[in-house]
Amino acid sequence: MAYVTTKDGVEIFYKDWGPKDAPPIVFHHGWPLSADDWDNQMMFFLQNGYRVVAHDRRGHGRSEQVSEGHDMDHYAADASAVVEHLNLRGAIHIGHSTGGGEATRYVARHGQPQGRVAKLILIGAVPPVMVKTANNPGGLTVEFFDGFRKALATNRSQYYIDIPAGPFYGFNRPGVETSQSIVQNWWRQAMMGGAKAQYDGIKAFSETDFTEDLKVIEVPTLVMHGDDDQIVPIAASALIGIKLLKHGTLKVYEKLPHGLCTTHPDIVNPELLAFVRR
């Protein structure tokens with residue numbers, strides 16, 4: 001397996017598939033998953049002639065289960081370590097959920113200043129900020145995320161069945177049939193990671209403010225969001241974030257859930273390809 005060691009000595013696992021001279025696409029996964037969550041999209045772009053790269057966030061998947069550094073600054077720096085190690089130029093970065101926050105900070109603080117990034121795509125992403133504050137009255141309360149932490153610490157395995165079987169993929173909606181294979185794959189990925197990293201990651205994805213990151217991003221950015229996202233409500237994320245981007249395009253998908261890349265790749269993948277080729 002391929003690893004890169006970060007400046008603070010953490011081993012980060014990554015995948016690098018496709019011709020090394022092909023246009024690169026870098027994927028940033030959501031909490032508490034791994035690079036495997038992008039299998040469908042990575043295979044799709046590989047078959048369309050692209051080089052595809054994805055890493056496991058520190059403490060998640062096959063990356064080292066360190067105790068510290070579970071915050072967006074480290075996440076972005078870790079992503080940068082992978083990109084610099086592979087010497088990727090003109091890359092398109094795609095982030096889902098927490099990975100959307102990671103990708104946003106990476107582009108703003110690393111990729112764009114280094115001239116390594118061409119475009120950004122945010123899918124069901126957490127920016128600009130999820131938690132309710134004086135400046136973000138429409139956000140979710142800290143107590144809401146405290147519930148996440150309690151459930152994780154009490155019975156992580158059960159919690160990681162309840163999330164995908166319910167709100168993540170919209171399987172709790174009337175008339176929506178649950179896919180056990182999707183639920184099991186979510187559970188598999190989540191249980192590969194470390195509980196400490198995933199616990200700390202809740203604060204990272206819910207309390208980090210990406211407002212200034214969004215404001216400085218110059219590259220074309222596509223914001224994709226399902227209007228039935230029960231994990232990252234669209235009104236407190238995409239509908240606000242799009243106004244902060246200099247060159248942003250918003251695509252809203254009626255009745256689609258948070259995990260739309262998995263449930264509706266037939267809709268998502270062609271949209272991604274069209275924007276990448278634009």
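Tyr 3 stands opposite Phe 13 in β2. This is a predicted model: local features need pLDDT of at least 70, side-chain atom pairs count only at pLDDT 80 or more, and totals for chains, interfaces and linings use all residues. Residues are numbered from 1 along each chain as its sequence is written, and side-chain values use heavy atoms, with hydrogens and water left out.

β1 and strand β2 (residues 11-17) are paired in the antiparallel sense over four bridges; two strands pair if DSSP finds at least two bridges between them. Helices (H or I, at least four residues) and strands (E, at least two) are DSSP runs, numbered from the N terminus.

I turn to the whole sheet. Eight strands form an open sheet with mixed pairing, in the order β1-β2-β4-β3-β5-β6-β7-β8. β1 (2-5) and β8 stand at the edges with a single partner strand each, so one side of each has no neighbour in the sheet. From one strand to the next, the twist averages 20°.

Next, the helices. Helix α1 (residues 39-47) lies across β2, β3 (24-28) and β4 (51-55), at about 40° to β2. Helix α2 (residues 72-86) packs on the sheet and touches β1, β2, β3, β4 and β5 (91-96), its direction making about 50° with that of β2. Contact means heavy atoms within 4.5 Å; axes are lines fitted to C-alpha atoms, for helices over the stretch in contact, and angles run from 0 to 180 degrees between N-to-C directions.

Finally, Val 252 lies in strand β8 (residues 248-253).
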